[in-house]
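Subject: Structure handover

Hello,

Please find the structure we spoke about below. My notes on it come after.

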Amino acid sequence: MKIICYSKCSTCKGVLKTMDEKKLKYELRDIKEDNPTKEEIKKWHEATDYDIKRFFNTSGMIYRQENLKDKLDGMSLEEKYEKLASDGMLVKRPILFLDDGKILVGPDVKKYVDSL
């Protein structure tokens, strides 16, 4: 498994703690240090059944400062990929990549890890 987190995110901390307690092996990527590219985000989105809005960190400061709630509907999908790639703090986390190719985002990661 691979997981993308932000070290100061309480949800990420909780998921990583649970994974460690369950002795699950994973590769960790810090979203603040290693921002996803537009190509990665597009690939992840296409591999899921999530709406692209699910990939946005709607509780984040940048999302609110840029008033993206009101702007997203007027943006093309490519513009949304570009916006997400512009700053890792705009991306919802954690993102979990399972060995079978499935990708989980946000609360779905916690539910999955808790169920193991």
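The notes run from the overall fold to single residues.

Overall fold

Please keep in mind that this is a predicted model. The protein chain has 6 helices and 4 strands. Along the sequence they come in the pattern β-α-β-α-α-α-α-β-β-α. Along the principal axes, the C-alpha atoms of the chain fill a box of roughly 45 × 25 × 25 Å. Of the 116 residues, 42% count as buried. Taking contacts between residues at least 6 apart in sequence, 64% join residues at least 24 apart.

The sheet

The 4 strands form an open sheet with mixed pairing, in the order E2-E1-E3-E4. Strand E2 (27–30) and strand E4 (103–105) are at the edges; each has a single partner strand, so one side of each has no neighbour in the sheet. On average, neighbouring strands of this sheet are turned by 15° against each other, direction ignored.

Helix H1 (residues 10–21) packs on this sheet and touches strand E1 (2–5), E2 and E3. The direction of H1 makes about 150° with that of E1.

Strand E3 (residues 95–97) and E4 run antiparallel and are joined by 3 bridges. Within this pair, Ile95 is opposite Val105 in E4.

The core

In soluble globular proteins, nonpolar side chains tend to be buried together. Here the largest nonpolar core has 36 residues. Which residues have the most contacts inside it? They are Ile3, Met19, Trp44, Leu84, Ile95 and Leu96. At least two residues of this core come from each of E1, H1, helix H2 (38–46), helix H5 (77–86), E3, E4 and helix H6 (107–115). The most is given by H1, with 4 residues.

Leaving out residues up to four places away in sequence, Trp44 touches Ile4, Arg29, Pro36, Phe55, Ile95, Phe97 and Ile103.

Thr18 lies in helix H1. Is Thr18 buried or exposed? Its relative accessibility is 15%, which counts as buried. With residues up to four places away in sequence not counted, Thr18 touches Val113 and Asp114.

The cysteines

A disulfide is a covalent bond between the sulfur atoms of two cysteines. How many disulfides does a search of the whole structure find? The search finds 0. Cys5 is in none, and the nearest cysteine sulfur, in Cys12, is 3.6 Å away. For Cys12, the closest cysteine sulfur is that of Cys9, at 3.4 Å, which is too far for a bond; the cut-off applied is 2.5 Å. Cys5 counts as buried, with 3% relative accessibility. Cys12 also counts as buried, at 1%.

Backbone exceptions

Most residues other than glycine have a negative phi, and most peptide bonds are trans. The following places depart from that.

- Arg93 and Pro94 are joined by a cis peptide bond, with omega about -5°. Pro94 is in the loop between H5 and E3.
- Lys23 is not a glycine, yet has a positive phi of about 55°. Lys23 sits in the loop between H1 and E2 and is exposed, with a relative accessible area of 71%.
- Asn67, also a residue other than glycine, has a positive phi near 50°. Asn67 is in the loop between helix H3 (61–65) and helix H4 (68–71), and at 37% relative accessibility it counts as partly exposed.

Regards

Technical notes
Residues numbered from 1 in each chain as written. Predicted model: local features only at pLDDT ≥ 70, side-chain atom pairs only at ≥ 80, totals over all residues. Heavy atoms only, no water. Pairing = 2+ DSSP bridges. Axes fitted to C-alpha atoms, helices over the stretch in contact; angles between N-to-C directions. Contact = heavy atoms within 4.5 Å. Buried < 20%, exposed > 50% of the residue type's maximum accessible area, 1.4 Å probe, protein only. Core = buried A, V, L, I, M, F, W, Y, C linked by side-chain atoms within 4.5 Å.
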